[in-house]
Amino acid sequence: MKYMLMMNGPRDAYEQFGSWPQKDIEAHIGFMVSFSQKLTASGELISAEGLDAPTQAKVVRAGKDGKPITDGVFPESKEFLAGYWIVDVASPERAYQIAAEASAAPGPGGKPFNMPIEVRQVMSGPPETA
Amino acid sequence: MTFASLDRRAEQLLRDLAPQVLGATLRRFRDFAACEDAVQEALIAAAAQWPRDGVPENPRGWLIQVALRRMTDHVRSEISRRNREAVASEDVPIVVAPAVYAEPGIDPDDTLVLLFMCCHPSLSPASAIALTLRAVGGLTTAEIAKSFLVPEATMAQRISRAKQSIEASRIPFGLPDAAERAARLSSVLHVLYLIFNEGYTSSSGPSLHRTDLSNEAIRLARAVRTLLPDDTQVAGLLALMLLTDARRAARTGPVGELIPLDEQDRSLWDRDAIAEGVALVSTALSSGPVSEYQLQAAIAALHDEAARAEDTDWPQILALYGVLQQMSDNPLVALNRAIAIAMVDGPRAGLVMLESLDRDERLAGSHRLAAVRAHLLERAGDRQAAVALYRQAATRTTSIPERNYLLMRAARLSATS
């Protein structure tokens, strides 16, 4: 079964991350690199992407003529998707375990950052035949 | 593709011959997809027969024969199908006698013609890249998809659309005439350059290098050079690739972050690749008209030849960027020239030149301009401004290794200020 693990961060998460001491940034990046290597090696990683800072984000809707109408993101949005992993695992428990590992990525001072990871199942089950 | 039954040499031989066989087949039949199928069948036949009977004396002729026979069968059955349908609809039957190819003419230029076709300017760069890797490079669709981190079905669709647009465009299969040749060659070289860069600087994904793509681009550039040994642009591009790729091992740190040129461990540089690149660029510069690739290669050579960063011949690099800027309107050339000015006349002189680039819309909001300005401000001793700009550049780049480098640079600088 497939799960999407979403890492949400506050609007200024990117600026915050950038102001950490060098060794903490290094430890966090190092953790993320080996985390993704580990998931690849276990055959569970489907894909993982980090998203650009939300400063350039746009909300797009189709206008009456079908042409895009773009809008800046709403200033009241506090949380943004910073990145995600899609994993293929044997059980929901395993997905939670992976999410917990990601959540414990080192933060400032090398302590577990404990960021919230939203876990959602990807709809990829077979149809039930009548 | 891999052939379990073949040894490495025979497998390499098949990979090298595949585009030539495809070219020779396409020369006679326009149907790209059917020709590719025929070539695949010929390769499979070789993988089955060669280990048993030995590699034939003329392996290329053997493969072309088999592929052409398959195509002839394909055309025959197409014709009889159409005839049957025509009879059914009481239409005039189409009868075309398939030609008999007793002695397939072999033209070494077939690979080149195929390359010209795959890199046709009517294709989007993404399509041209995919088709070139598939048809000329002999990579499987799965391998190409993996290199570009896209699903295999997407890549298969991209390749098949590219083939369709080639068929629809009715581009004749043959070398373009002299007038068109230069323009077409430059689109071939551009596609190879894009493949190399995709491998070297990975525009997406967490790792900085996708070696397979860089190696493939170098292999293809070598093949083009064999076909056009006197072309200085081709030599320049191959030299540029070799001289850039030579630094690969030194270019990333323990967590995959970018290490700038002046901080790289130069003992990790590939001396053989540097020697080959330098020889190529020296020969190319002394013969024939100067091209952008040659100039960029010459600049790369000056960096590679410096035993230490402080030994770099910046005045010479600055002069070369000056020539390059006259040939190219690319704002990145101007940006690099500003760095060279800073190295020769001091960071303030470089910063002055950057001011003129602020008005260039193509650089507006670009992380590169911010990153270069940050570097020069750091060198000029303005740490606070440098830290802010490094961070700004970090939020703008779309490359993870580059973002990490910029963040660490800012962090290091703000710790010491």
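In the predicted model, chain B folds into 18 helices and zero strands. Its C-alpha trace spans about 85 × 45 × 45 Å along the principal axes. Of the 417 residues in chain B, 41% are buried. Contacts in chain B with a separation of 6 or more were also examined by sequence distance. Residues 24 or more positions apart account for 60% of them.

Nonpolar packing was considered next. In soluble globular proteins, nonpolar side chains tend to be buried together. Here, the largest nonpolar core has 118 residues. B:Val21, B:Ala67, B:Leu192 and B:Ala239 have the most contacts inside this core. Helix α10 of chain B, residues 232-245, gives the most to the core, with nine residues. Contacts of B:Ala239 were traced with residues up to four places away in sequence left out. On that basis, B:Ala239 touches B:Gly277, B:Leu280, B:Val281, B:Ala284 and B:Ala297. Another core, of twelve residues, lies apart from the largest one. Its members include A:Leu5, A:Leu39, A:Ile98 and A:Ala102.

The two chains also meet. Their contact draws 16 residues from chain B and 15 residues from chain A. On the side of chain B that touches chain A, α17 (383-396) and α18 (400-416) each supply at least two residues. The largest share comes from α18(B), with eight residues. By residue class, this side of chain B divides into nine nonpolar, four polar and three charged residues.

Key
Residues numbered from 1 in each chain as written. Chains lettered and ligands numbered in written order. Predicted model: local features only at pLDDT ≥ 70, side-chain atom pairs only at ≥ 80, totals over all residues. Contact = placed C-beta atoms within 7 Å. Helix = DSSP H or I, 4+ residues; strand = E, 2+ residues; numbered from the N terminus. Nonpolar A, V, L, I, M, F, W, Y, C, P; charged D, E, K, R; others polar. Core = buried A, V, L, I, M, F, W, Y, C linked by C-beta atoms within 7 Å. Buried ≥ 20, exposed ≤ 12 C-beta atoms within 10 Å, placed from the backbone.
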